[in-house]
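I set out to record what I looked up in this structure, entry by entry.

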Amino acid sequence: MRTRTLTLSAAACAALLATATLPVHALGTANPRSAQEGSVSAAALLAKVTSCSQISSGKYRTDEETSATVPVCGKNGAVFWKADLDIDCDGQVTARCNGDTDPWFQDDTAFHQSNGRPLRADSLPYVVVPSTSSIWKYTSSGIKGGGVVAVIYNGKVEYAVVGDTGPTQIIGEASYATASALGIDPDPETGGTDSGVTYILFKNSQVSPIESHGAAVSLGDSLAKQFIQNN
């Protein structure tokens, strides 16, 4: 669970040099997936979120130093927002996600695997939602841990789960694996992207077990089709 703000840094990634010489098998199991998951295109999903019916009481910042410009919007069966993508590397300690590679690393996530362990950011696509505040309470919108999220960037669709919570006034964050699959630099210190990411969270959905990405893709594809039909 995050209690700090991730901002994109210009600092050199010297902390990664120690892992640069490790053999491939030592770097965990994260591998980029297909540019298109499921059968619903990015264009079809984006066509349904061109306008915003704001459901949040206020707007969010994308980083500590930016102004609040991002509302949470409501649609039939989903909520969505358009923001940046900062890298969350919290959870299980791996070669890619640890206190050396991520200056803000925390060894826990708000939601846990079926065996009780924190999520693994470098292999599981997950999204961070803002912690409950006067701006928005995600549970009141039918969003829960393990809920399915369609993350869209540069013509690509990646299905993820709601896996962690973040600062109460900041939005736009996802796991190392989510960024990697979308072609975004996943470096937890210097990676991410400043804009262009759409997050569509399907209401009252839940992947079981939360750590099954295949289950997220299967359920996400089904919910995306319903979303297209109902909006």
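Predicted model: local features only at pLDDT ≥ 70, side-chain atom pairs only at ≥ 80, totals over all residues.

In which helix do K225 and D221 lie, and how many residues apart are they? I find both residues in helix α4, separated by 4 residues, or about one turn of the helix.

Entry: D221 has a relative accessible area of 13%, which is under 20%, so I count D221 as buried. K225 counts as partly exposed because its relative accessibility, 41%, falls between the 20% and 50% limits.

**Entry: helix α4.** The helix runs over residues 213–230 and has 18 residues. From first C-alpha to last I read 25 Å, close to the 26 Å expected at 1.5 Å a residue. The buried residues of α4 are H213, A216, V217, G220, D221, L223, A224 and F227. I looked up what these buried residues pack against and listed α2, β1, β2, β4, β5 and β7.

**Entry: other charged pairs.** My search of the whole structure gave 4 salt bridges. One of them joins D122 and R96, whose closest N and O atoms are 3.9 Å apart. Both residues sit in the loop between β2 and β3, yet they are 26 residues apart and the pair links distant parts of the chain. R120 also forms a salt bridge with D122, at 2.5 Å from N to O. I therefore record R96, R120 and D122 as linked in a network of salt bridges, a salt bridge being counted within 4 Å. D122 is buried at a relative accessible area of 0%, R96 is buried at 17%, and R120 is buried as well.

**Entry: strand β3.** I find 5 of the 5 residues of β3 buried. Y126, V128 and P130 point one way, whereas V127 and V129 point the other way. β3 pairs with β5 in the parallel sense over 5 bridges, and the bridge partner of P130 in β5 is G166.

**Entry: the nonpolar core.** The largest nonpolar core has 59 residues, of which L45, W81, Y159, Y199, I200 and F202 touch the most other members. β2 gives the largest share of this core, 7 residues. I looked up I200 in particular: leaving out residues up to four places away in sequence, its contacts include L45, F80, V148, I152 and F227. F227 is also one of the buried residues of α4.

Definitions and conventions
Residues numbered from 1 in each chain as written. Heavy atoms only, no water. Helix = DSSP H or I, 4+ residues; strand = E, 2+ residues; numbered from the N terminus. Expected span 1.5 Å × (residues − 1). Buried < 20%, exposed > 50% of the residue type's maximum accessible area, 1.4 Å probe, protein only. Contact = heavy atoms within 4.5 Å. Core = buried A, V, L, I, M, F, W, Y, C linked by side-chain atoms within 4.5 Å. Pairing = 2+ DSSP bridges. Salt bridge = Lys/Arg side-chain N within 4 Å of Asp/Glu carboxyl O.
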